[in-house]
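My notes follow in the order I took them.

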Amino acid sequence: MRKSKKRAFTSFGATLLLILAFVIFFQRNFNAVIVSGPSMLPTFHTGQRVWASRAYWLVGDIRKKDIVVLRDPGASTGYIIKRVAFMPGETVDWYNAPRSWTLAQGPFKVPDGCIYVLGDNRAVSEDSRAFGPVELDRVLGKVVIRP
């Protein structure tokens, strides 16, 4: 008669599986981003590392005044970090309206499915005033951890 080998699922194995699951979850839902440029001064400085999350069910939906990381609208690769200034359907004040928008066109409203982002250092920031509202699918995540 042959004895069959039984495999025991130990607490060590369970711990390893739990760690693996956490690593996969963290890798898929969080991105480390290094700040570059002066557009978010004084909030962020060049070289500072922040963490952005797409797990909105965990960190909350994007809201006004949140800081987001998005794919750079002016480049095929890269990202930019900006603050959400206006949400879909909101009217943008004339001072912050897109540069291509004229007074004759009336008030500028943020289209559905888009957000309007501005840098904290407006004098040097390349933001929605230059490239217009940003589609929500371009958002890489909401900044959740900043040292």
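I started with Arg83, which is partly exposed at a relative accessible area of 23%. My cut-offs are these: buried is under 20% relative accessible area, exposed is over 50%, and partly exposed is in between, with a 1.4 Å probe and protein chains only. The model is predicted, so I note that local features need pLDDT of at least 70, side-chain atom pairs count only at pLDDT 80 or more, and totals for chains, interfaces and linings use all residues. Residues are numbered from 1 along each chain as its sequence is written, and side-chain values use heavy atoms, with hydrogens and water left out.

**Entry: salt bridges**

Which residue forms a salt bridge with Arg83? I found Asp120, with the closest N and O atoms 2.8 Å apart. Asp120 lies in the loop between β7 (114-118) and α3 (128-131), and Arg83 in strand β4 (residues 79-86), so the pair ties together parts that are 37 residues apart in sequence. Asp120 counts as partly exposed, at 24% relative accessibility. I count a salt bridge when a side-chain nitrogen of Lys or Arg is within 4 Å of a carboxyl oxygen of Asp or Glu. The count by this rule is four.

Next I looked up Asp66. Its salt bridge is with Lys142, and the closest N and O atoms are 3.3 Å apart. Asp66 lies in the loop between α2 (56-59) and β3, while Lys142 is in strand β9, so this pair ties together parts 76 residues apart in sequence. Buried or exposed? Asp66 is buried, with a relative accessible area of 13%. Lys142 is buried too, at 5%.

I also noted Arg129 and Asp127. Their side chains meet in a salt bridge at 2.9 Å, N to O. Arg129 and Asp127 are both buried.

**Entry: the sheet**

Then I traced the strands. For helices I take DSSP runs of H or I with at least four residues, for strands runs of E with at least two, numbered from the N terminus. Two strands pair if DSSP finds at least two bridges between them.

What is the strand order in the open sheet? I read β1-β2-β9-β3-β4-β7-β8, seven strands with antiparallel pairing. The edge strands are β1 (30-34) and β8 (134-135), each of which pairs on one side only.

I checked the pairings around β9. Strand β2 (residues 49-53) pairs with β9 (residues 139-145) over three bridges, in the antiparallel sense. Here Ala52 stands opposite Val143. Strand β3 (residues 67-71) also pairs with β9 in the antiparallel sense, over three bridges. In this pairing Leu70 stands opposite Val139.

I moved on to β4. It pairs with β3 over five bridges, antiparallel. The bridge partner of Val68 in β4 is Lys82. β4 and β7 pair over three bridges, again antiparallel. Arg83 stands opposite Leu118 in β7. As a reminder to myself, side chains in a regular strand alternate between the two faces of the sheet.

How many of the eight residues of β4 are buried? I count six, and the strand is mostly covered. Ile80 lies in β4. Ile80 is buried, with a relative accessible area of 14%.

What does Ile80 touch? Leaving out residues up to four places away in sequence, I list Val68, Val69, Leu70, Asp72, Pro73 and Phe131. A contact here means heavy atoms within 4.5 Å. I also looked up Ser36, which is 44 residues from Ile80 along the chain. The C-alpha atoms of Ile80 and Ser36 are separated by 8.5 Å.

**Entry: helix α1**

Last, I looked at helix α1 (residues 11-29). It lies across β1 and β2 and runs at about 50° to β1. Axes are lines fitted to C-alpha atoms, for helices over the stretch in contact, and angles run from 0 to 180 degrees between N-to-C directions.

Val23 is in helix α1. Val23 counts as partly exposed, at 45% relative accessibility. Together with Phe12, Leu16, Ile19 and Phe22, Val23 makes a nonpolar surface patch of about 530 Å². Patch residues have over 30% relative accessible area and no salt bridge; like charges are joined within 9 Å and nonpolar side chains (Val, Leu, Ile, Met, Phe, Trp, Tyr) within 5 Å. Accessible areas come from the Shrake-Rupley method with a 1.4 Å probe, and for residues only the protein chains shown count as cover.
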